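Here is a short report on a pocket and a sheet. Please keep the sequence and the 3D view open while you read.

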Amino acid sequence: MDKKTVRSNIKKARDSMTSKEVCDKSRLITENILKILEKEESRYIFLYRSINNEVNTSLLWDCLKETDKIISFPRVKGDEMEFYRVLKGESLKKGYMGIEEPGPVKENLIDTDDGIIIVPGVAFDINGNRTGYGKGYYDRYLSKHSNLIKIGAAFSLQVVDSIDADEFDIPLDYIVTENNIYICR
């Protein structure tokens, strides 16, 4: 299925979810992601802040704050994204498209291929393909950090049979829903 059609259909379905559904399913997805984090063991965790009924990563962030993990969030800079460490107790501020971002504190910039990145998206397939909002920020970042373990966080309704992948699309290693953990690598 072409990305434009998939994006439109899935956004409508996801946007129709109630806040309780988003919260309950996000909690189950968090539990499944934590299972992978135990198995994969990495010190660096790259998260995102959710918008528009995306899988809510707040609970995951709360769980990880209590560990020795180095947690970072993206900050948009032109056509690129950079990840900055956020320490326990620090807050994020609204940035690009109203998404919460860390401040651009140079010494908090994380630039490593050794870590686990939780990737948002609109739709995913079980082969690890995804479609986001069409700007390509994550694909550009992942092409430069190809050794990161890539986990797509999705509600089951966001998983489709197949997504047409472009040559620039970076496949994910896992897709995690409230019901399943798909191993894609």
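The largest pocket holds about 580 Å³ of space. Of its 29 lining residues, Arg130, Tyr133, Lys135, Tyr137 and Tyr138 are the closest to its centre. A pocket is an open set of points on a 1 Å grid over the protein atoms alone, where a 1.4 Å probe fits, with protein on both sides within 12 Å along at least five of seven lines; lining residues have an atom within 4 Å of a point. Volume is the space filled by probe spheres set on the points, joined across faces, edges and corners.

The model is predicted: local features need pLDDT of at least 70, side-chain atom pairs count only at pLDDT 80 or more, and totals for chains, interfaces and linings use all residues. Residues are numbered from 1 along each chain as its sequence is written, and side-chain values use heavy atoms, without hydrogens and water.

α4 gives the largest share of the lining, three residues. Helices (H or I, at least four residues) and strands (E, at least two) are DSSP runs, numbered from the N terminus.

## Sheet

Eight strands form an open, mixed sheet in the order β6-β3-β2-β1-β7-β10-β12-β13. Strands pair if DSSP finds at least two bridges between them. β12 and β13 pair antiparallel over three bridges. Axes are lines fitted to C-alpha atoms, for helices over the stretch in contact; angles run from 0 to 180 degrees between N-to-C directions.

| Helix | Strand | Angle |
|---|---|---|
| α2 (19–40) | β12 | about 150° |
| α4 | β3 (80–85) | about 70° |

Conventions: Contact means heavy atoms within 4.5 Å.
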